[in-house]
Amino acid sequence: MTDTPSTPLDAEQGDQLPDDVVARVLERAAARSSAYTVFSPAQAIQTRSLADAGSDGEQLDRDDRAALRRVGGLSTELEDVTEVEYRQLRLENVVLIGVWSQGSLGDAENSLRELAALAETAGAVVLDGLLQRRPNPDPSTYLGKGKAEELRQTVAALGADTVIADTELAPSQRRALEDVVKVKVIDRTAVILDIFSQHAKSREGKAQVELAQLEYLLPRLRGWGESMSRQAGGQVGGAGAGMGSRGPGETKIELDRRRIHTRMARLRRQIKEMKPARDAKRRNRDRNEVPSVAIAGYTNAGKSSLLNRLTSAGVLVENALFATLDATVRKSTTPDGRPFTYVDTVGFVRNLPHQLVEAFRSTLEEVAASDVIVHVVDGSHPDPAAQLATVRQVISEVDGHDVAEVVVFNKADLVDADQRLVLQGLEPSAVFVSARTGEGVDELLDRVAGLLPEPEVEVDLLVPYDRGEVVAHLHDAGRVVSTDYEEAGTRLHARVYPSDVAALAPFVQPAVARR
């Protein structure tokens with residue numbers, strides 16, 4: 001058989017084939033994207049970028065996090081084998097659902113929009129959101145029977161592949177709703193845990209997140225087929241396994257539960273072993289009488305941005321929920337020279353999963369152990385009162401309700417005069433601050449300095465010139481009121497903490513008349 005020579009037309013078509021494939025893929029993606037309306041932007045995330053804020057440092061971590069992005073709208077299903085080189089990872093398309101059982105409609109909508117922000121942070125595209133007004137969620141399918149069927153039609157029309165409920169679903173509710181809508185169903189807790197698993201960086205943070213995920217997964221294990229069968233148990237002789245194969249009859253799902261319990265015990269032990277190192281650092285600060293200021297607040301309220309503005313810490317700042325999880329400690333000084341530390345803590349959110357509160361309890365202890373809490377609230381948020389209530393509830397759960405609190409309304413550059421009056425009605429003594437422009441930072445520093453504990457013991461000391469370390473310690477751990485240089489040494493009038501009195505006893509001098 002002789003080969004048929006190729007014609008110039010065939011060669012020309014072969015050269016143009018890749019371009020035709022790309023055009024066909026993009027045309028099909030555009031047709032799909034025009035078939036639905038994307039959910040309106042989530043109000044929990046600011047529309048303005050914070051990338052140009054000069055006080056945040058180089059932000060190399062943010063560049064690393066943004067180095068790999070998924071491309072939305074491009075299908076992974078191939079219609080032609082020639083398209084194999086043009087596949088892209090598809091974003092997950094989700095529909096949100098919620099039940100409005102109490103409060104106002106605005107509160108329910110804000111909660112759903114916050115869920116949209118969580119879904120976007122986790123890496124999904126929100127197509128639509130549905131709210132049902134009913135006294136209590138349906139015990140079977142969360143939504144009522146009619147609304148569940150309407151949800152199935154909406155999911156099919158939009159081409160969604162996931163449904164997210166704005167609460168924590170019972171395992172039976174999730175299974176029943178999946179049977180109706182025929183796509184994956186998850187809840188708010190699963191989304192938050194997914195975000196935490198993406199953003200945890202430190203060894204302790206990863207262990208805490210994994211522990212919370214396993215606690216959430218344990219009651220939701222499901223089994224199909226062989227997962228429900230016995231492992232070398234029961235009448236296996238009749239099945240051909242022979243003698244010596246009879247065992248306790250443990251099923252695969254029971255084996256999975258036992259493995260999860262074993263892993264959880266190991267994680268708890270690891271977290272407990274990490275605690276002494278953190279306690280040692282805290283005891284070192286306590287021994288040197290260094291006060292601590294905890295920066296707490298709602299997620300995306302600007303805690304890390306404020307820390308960068310106050311200390312030039314260079315902590316990661318990103319316009320996303322739960323961008324930073326690991327606690328950051330930075331040293332600072334009051335205007336009169338007293339040293340103290342800032343501790344940036346994990347952000348909070350409404351309906352924060354109790355698994356996370358328990359897993360991050362060791363990190364949240366920094367709030368309870370602090371001397372002052374700087375409570376950061378997003379002043380431009382549509383519902384700042386809910387942010388205040390949510391954060392105070394979590395602080396109370398970790399026994400931090402007795403600590404002195406300074407409420408800070410951040411993002412003051414986005415708040416108009418009318419909104420400021422409303423915020424002042426919520427907290428008359430609050431400080432308005434903009435981490436972006438620096439507005440109100442000096443007032444905040446003065447407020448924090450006024451609440452920090454001061455050395456209460458007043459002493460007069462005469463320190464020989466060869467004991468300069470004593471003078472340095474007084475400047476670091478106390479408050480030097482006056483200094484005079486005499487022939488015998490340095491005379492200081494200072495205020496110190498009670499723990500330092502014994503060590504300074506050899507240098508104490510009778511009080512003299514002071515000018």
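Guide: Start with one crossing: helix α12 (residues 384-397) and helix α13 (residues 417-426) cross in a right-handed way, meaning that the near helix is turned clockwise from the far one by less than a right angle. This is a predicted model, where local features need pLDDT of at least 70, side-chain atom pairs count only at pLDDT 80 or more, and totals for chains, interfaces and linings use all residues. Residues are numbered from 1 along each chain as its sequence is written, and side-chain values use heavy atoms, without hydrogens and water.

Visitor: At roughly what angle do the axes of α12 and α13 cross?

Guide: Two packed helices are described by the angle and the distance between their axes. Here the axes come within 10 Å and cross at roughly 30°. That makes α12 roughly parallel to α13 (angles under 35 degrees).

Visitor: Which residues make the contact of α12 and α13?

Guide: Contact means heavy atoms within 4.5 Å. P384, A385 and L388 of α12 meet Q419, L423 and L426 of α13. By class, the contact has five nonpolar, one polar and no charged residues.

Visitor: Which residues of α14 are buried?

Guide: Buried means under 20% relative accessible area, and exposed over 50% (1.4 Å probe, protein chains only). In α14 (residues 441-451), V441, L444, V448 and A449 are buried. They cover an arc of only 135° around the axis, so they lie on the same side of α14. On the other side, D442 and G450 are exposed.

Visitor: What covers the buried residues of α14?

Guide: The cover includes β7 (292-297), α9 (303-311) and β9 (339-344). Also included are β10 (372-378), β11 (404-410) and β12 (431-432).

Notes. Helix = DSSP H or I, 4+ residues; strand = E, 2+ residues; numbered from the N terminus. Arc of directions from axis to C-beta. Axes fitted to C-alpha atoms, helices over the stretch in contact; angles between N-to-C directions. Parallel < 35°, antiparallel > 145°, perpendicular 65-115°, else oblique. Nonpolar A, V, L, I, M, F, W, Y, C, P; charged D, E, K, R; others polar.
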